Every structure is written in C-alpha cells, then in structure tokens.
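This briefing concerns a predicted model.

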Amino acid sequence: MKKNTLPFVLFAGAVFFTTGLSSPENRFDAEKNPAFDEVKEFETVLKVIEAETSYFFFRDYEGWKDQWVQADYTFHAWNFSDGSCGASIGWQAVDEKIGNYIKTHPVAGGGSSHPEVNRKNIRYHFLSQNAVHVVWEQYNSTIDLSAFNVSHEVRTLEKVDGQWKIVQASVFWDY
C-alpha cells in the first residue's frame with residue numbers, strides 16, 4: 001500500500017464504522033430520553049477535546065493522559081508532512097508514541113506549540129448516552145501567531161465512571 005493511501009483507508013474505515021453504528025436501528029435518540037441533555041453533554045465533551053489539545057500543545061503529559069480512555073481498543077492516527085502516516089492501537093501503543101513525543105519535544109519557554117486554536121464546522125452525533133462521535137476543522141497557529149495550519153480532526157469519546165474520555169483520535173494536517 002502506498003504511504004499516502006493509508007490515511008484515506010483509516011478515514012474510510014472510521015466513516016464506515018461510525019456509519020454502521022448510526023444506522024436507524026442503532027441510532028441513539030435523545031428525544032426518547034428527556035433526562036439526557038444533549039447540549040449540556042456536548043458542552044462537557046467539547047471541554048475534554050479542548051483540554052486534550054491544550055495539554056498536548058503545552059506538552060503537559062499528565063494532563064493529556066488524563067483525557068484518554070486507557071484500554072486496548074484506544075486508537076490514534078495522524079499524518080506527517082512527508083505524506084506518510086502513523087497509527088497506534090491500544091493505550092500502551094498510543095502512550096508510547098504520543099506520550100513519548102510529548103515528553104521528548106518540549107516547547108521552548110514552557111509555552112504552547114500552537115498558542116491559538118480555532119475549531120470550525122463542528123459536527124457531532126451521540127451514539128448513546130455514553131458515546132459520541134465528533135468531527136471538525138481546526139486552525140492551529142504557528143508559535144509566533146504569524147499563520148495558521150489546518151487540521152481535520154475526529155474524536156470518539158465515551159463516558160467512563162461519569163467522565164467523558166477520548167477513545168479515538170484521528171488528526172490529519174493539511175500540509
């Protein structure tokens with residue numbers, strides 16, 4: 001498989017997987033459960049996404065790690081500027097790859113590698129009261145705020161012990 005086709009295959013697989021979960025017979029209907037406040041829940045979900053991004057860009061390993069489900073089904077995918085990509089399956093692999101990156105690539109002066117982040121076109125779908133799928137475009141500033149780089153992002157979160165945690169992240173930068 002060519003290097004530059006793997007991101008497409010991973011993305012297509014994620015779309016296929018989530019499309020199957022959101023088929024009519026599997027679709028979660030918040031209207032059938034008036035106790036579930038979708039707007040309030042999504043506000044909490046968005047805070048987790050924002051925190052995970054901020055902790056990563058500030059290279060705060062403990063804060064970043066706390067936003068994640070640490071299970072064998074955890075998944076993270078990303079691309080590189082040379083057209084290649086990477087993927088980690090299972091918390092141990094995600095922590096080894098991304099956690100080690102955070103620890104070994106500090107930002108000078110303790111600041112953020114991308115001090116300003118703007119999200120656009122956020123779309124979400126609750127798969128259940130305990131699972132949500134979120135997609136968006138993200139504009140990440142350079143460290144000196146002189147430009148923004150676009151990334152296309154996907155997260156799947158689940159509720160663990162009453163707290164929303166990230167179980168899947170796919171991040172594709174438009175290099």
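K65 and E62 lie three residues apart in helix α3, so about one helical turn separates them. The two form a salt bridge in this predicted model, with 3.7 Å between the closest N and O atoms. K65 is partly exposed, its relative accessible area being 23%.

**Salt bridges**

- The count of salt bridges in the model comes to five.
- E52 pairs with R155 in a salt bridge whose closest N and O atoms are 3.3 Å apart.
- Because E52 belongs to helix α2 and R155 to strand β5 (residues 148-160), this pair ties together parts that are 103 residues apart in sequence.
- Both partners, E52 and R155, are buried.
- R155 also meets the side chain of E153 in a salt bridge, at 2.9 Å from N to O, and E153 is buried as well.
- Through shared partners, salt bridges join E52, E153 and R155 into one network.

**Nonpolar core**

- The largest nonpolar core comprises 26 residues, of which V45, W64, I98, V132, V134, L157 and W164 touch the most other members.
- Two or more residues of this core come from each of α2 (38-57), α3 (61-65), α4 (91-104), β4 (131-141) and β6 (163-173).
- Helix α2 makes the greatest contribution to this core, with seven residues.
- When neighbours within four places in sequence are set aside, I98 is in contact with F56, W64, H76 and W78.

How values were computed
Residues numbered from 1 in each chain as written. Predicted model: local features only at pLDDT ≥ 70, side-chain atom pairs only at ≥ 80, totals over all residues. Heavy atoms only, no water. Core = buried A, V, L, I, M, F, W, Y, C linked by side-chain atoms within 4.5 Å. Buried < 20%, exposed > 50% of the residue type's maximum accessible area, 1.4 Å probe, protein only. Helix = DSSP H or I, 4+ residues; strand = E, 2+ residues; numbered from the N terminus. Contact = heavy atoms within 4.5 Å. Salt bridge = Lys/Arg side-chain N within 4 Å of Asp/Glu carboxyl O.
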